[in-house]
Amino acid sequence: MPPESASPQRIGRPPLNPKRTAKNLTRAEIVDAAVRIIGEVGVDDLSMRRLSTELGVSTMAPYHYVSGKEHVLELVAAQALSKVTIPADDDRPWYDRLHDIIVAVDGELHAHPGVGDIILEQIMVGAFDAIWKLSEERNVSLRTATFIIACQRVLAAREQRGLYP
């Protein structure tokens, strides 16, 4: 019979690393582990439990740095997109600069399988929420709300670039 001070066995899972605690874990390590898991098994199979196991910490340790899986996915997407460089505002036409951005984003998405799914879902959920809210607030159809939001975003982008006084 093992002594009382012995820690319980973690059947079917790797043992916890006794030197790893929430205090010496970093958000960057959490994101890197999530990227590895997503690359290996996909976004759907990423869980906080699996992430904790990958990191060798208790299941609750990552919650000192992130609020949950959705937060981890946001950080993974942000990390991938942070590596994309925006071309300088040179004398080339806007569509050439846009092409450069698309190529850079495509490169990052190919380098990190599964991240494109995260970004697409975030865009779709955000757009749908905005459209639904506008349609309820203004009592208009979803088609009209979609058009209004698209126009607002185009105008805001033009204003941000200084195309309006």
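Of the 165 residues in the chain, 25% are buried. The model is predicted. The chain holds six helices and zero strands, and the order of its elements from the N terminus is α-α-α-α-α-α. Taking contacts between residues at least 6 apart in sequence, 53% join residues at least 24 apart.

## Helix α3 and its surroundings

Helix α3 covers residues 69–82. The buried residues of α3 are His71, Val72, Leu73, Leu75, Val76, Ala77 and Ala80.

Leu73 lies in helix α3 and has 8% relative accessibility, which is under the 20% limit, so Leu73 counts as buried. Leaving out residues up to four places away in sequence, Leu73 touches Ile38, Val43, Leu46, Ile118 and Gln122. Leu73 and Ala34 are separated by 39 residues in sequence, while their C-alpha atoms are 8.0 Å apart in space.

Leu46, one of the residues touched by Leu73, is in the loop between α1 (27–41) and α2 (48–55). With a relative accessibility of 3%, Leu46 is classed as buried. Residues up to four places away in sequence again left out, the contacts of Leu46 are Ala34, Ile37, Ile38, Leu51, Lys69, Val72 and Leu73. Between Leu46 and Arg36 there are 9.8 Å in space, C-alpha to C-alpha, and the two are ten residues apart in sequence.

## The second largest pocket

The second largest pocket has a volume of about 220 Å³. Two elements, α3 (69–82) and α5 (115–138), each give two or more residues to its lining. The largest share, five residues, comes from α5. The residues that line this pocket are Val43, Asp44, Lys69, Glu70, Leu73, Glu74, Asp117, Ile118, Glu121, Gln122 and Val125. By class, the lining has four nonpolar, one polar and six charged residues. Leu73 is among the lining residues, and its contacts include Val43, Ile118 and Gln122, which also line the pocket.

## A loop histidine and the aromatic pair

His112 sits in the loop between α4 (94–111) and α5. Its relative accessibility is 15%, so His112 counts as buried. Neighbours within four places in sequence set aside, His112 is in contact with Val35 and Lys83.

One aromatic pair is found in a search of the whole structure. The ring centres of Trp94 and Tyr95 are 5.7 Å apart and the ring planes are at 80°; an angle over 60 degrees counts as edge-to-face, so this pair is edge-to-face. Trp94 counts as exposed, whereas Tyr95 counts as partly exposed.

The accessibility values for the residues discussed above are set out here.

| Residue | Relative accessibility | Class |
|---|---|---|
| Leu46 | 3% | buried |
| Leu73 | 8% | buried |
| His112 | 15% | buried |
| Tyr95 | 49% | partly exposed |
| Trp94 | 56% | exposed |

Definitions and conventions. Residues numbered from 1 in each chain as written. Predicted model: local features only at pLDDT ≥ 70, side-chain atom pairs only at ≥ 80, totals over all residues. Heavy atoms only, no water. Phe/Tyr/Trp six-rings, centres within 6.5 Å; stacked < 30°, edge-to-face > 60°. Buried < 20%, exposed > 50% of the residue type's maximum accessible area, 1.4 Å probe, protein only. 1 Å grid on protein atoms, 1.4 Å probe; cavity = no way out; pocket = protein on both sides within 12 Å on 5 of 7 lines; lining within 4 Å. Points joined across faces, edges and corners; volume = space filled by probe spheres on them. Helix = DSSP H or I, 4+ residues; strand = E, 2+ residues; numbered from the N terminus. Nonpolar A, V, L, I, M, F, W, Y, C, P; charged D, E, K, R; others polar. Contact = heavy atoms within 4.5 Å.
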